[in-house]
Amino acid sequence: MKTPSAFPRRLTSLAVVAASAGFLYLGGPSGKEALAEEACGASARIADSVKDLARGDVAAMNISKKPEALPDFAFNGPDGKATSLSAFRGKTLLFNVWATWCVPCRAEMPELDKLQADLGSNRFQVVTVNIDTSRLERPKKFFEETGVKSLDLNADPKANIFFELKQAGKALGLPVTILIGPDGCQIGLMNGPAAWHSADAKALVSKAVEAASR
């Protein structure tokens, strides 16, 4: 009579040990991915709601399939004091990085100003950050000359945000715009300018804000 192989019993024993140690693999996302999904759950729902609205004048907006948390970008607020992206948590944001020497940026700034005037609220805000590194009086003068009144003049005079975005492969140039959920996660990314006061842009933003309230 043959002695049964001990190999199956060894597998069973290993499985029990692994399970008790917390190593039993049951499939599904890794711990890191699971944490990311939990942290960006609200933005994931918003992204799913707006994915079909990135069209027309905002067709270049790349909606994230798996929204990810953004760094807490630091910059100076309109009062010159240090602030960061986390100061806006709880709001849906259209976060735009621009410079006065960027011609497309200058063209879209009045559009962003109108979008903020029409849709800005305690649930949504257009946050623009200027990255001029010299002649720092230029952004204020530009706002005055073009009649921009609804946007705050935030600044990053060392252009750190742009370099961070570029290193992460998110910024190809200027302007760069990120649609951000109330949880601080990236819903969509756009490189290049857009007609932000257009019907397409307003439909996209309005739907994002509505989805964030559910």
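**Aromatic pairs and a helix face**

Guide: Trp98 and Phe143 are both buried. The model is a predicted one.

Visitor: What makes Phe73 count as buried?

Guide: Buried means under 20% relative accessible area. Phe73 has a relative accessible area of 2%, so Phe73 is buried. Phe95, at 0%, therefore counts as buried too.

Visitor: Why is the pair of Trp98 and Phe143 called stacked?

Guide: Ring centres must lie within 6.5 Å to pair, and planes under 30 degrees apart count as stacked. For Trp98 and Phe143 the values are 5.7 Å centre to centre and 5 degrees between the planes, so the pair is stacked. Trp98 belongs to strand 4 and Phe143 to helix 5, 45 residues apart, and the pair thus links distant parts of the chain.

Visitor: How do you know that the buried residues of helix 5 line one face?

Guide: In helix 5, residues 138-146, the buried residues include Pro139, Phe142 and Phe143. Seen down the helix axis, the buried residues fall within an arc of 100 degrees, so they line one face of helix 5. Lys140, Glu144 and Glu145 are exposed on the other side of helix 5. Among the elements that cover the buried residues of helix 5 are strand 4 and helix 4.

Visitor: Which residues lie closest to the centre of the largest pocket?

Guide: The largest pocket has a volume of about 230 Å³. Of its 13 lining residues, Gly77, Leu136, Pro139, Leu153 and Ala155 are the closest to the centre.

Definitions and conventions:
Residues are numbered from 1 along each chain as its sequence is written. This is a predicted model: local features need pLDDT of at least 70, side-chain atom pairs count only at pLDDT 80 or more; totals for chains, interfaces and linings use all residues. Side-chain values use heavy atoms; hydrogens and water are left out. Buried means under 20% relative accessible area, exposed over 50%, partly exposed in between (1.4 Å probe, protein chains only). Helices (H or I, at least four residues) and strands (E, at least two) are DSSP runs, numbered from the N terminus. The arc is that of the directions from the helix axis to the C-beta atoms. Contact means heavy atoms within 4.5 Å. On a 1 Å grid over the protein atoms alone, a cavity is a set of points where a 1.4 Å probe fits but cannot get out, and a pocket is an open set with protein on both sides within 12 Å along at least five of seven lines; lining residues have an atom within 4 Å of a point. Grid points are joined across faces, edges and corners, and a volume is the space filled by probe spheres set on the points. Rings of Phe, Tyr and Trp (its six-membered ring) pair if their centres lie within 6.5 Å; planes under 30 degrees apart count as stacked, over 60 as edge-to-face and the rest as tilted.
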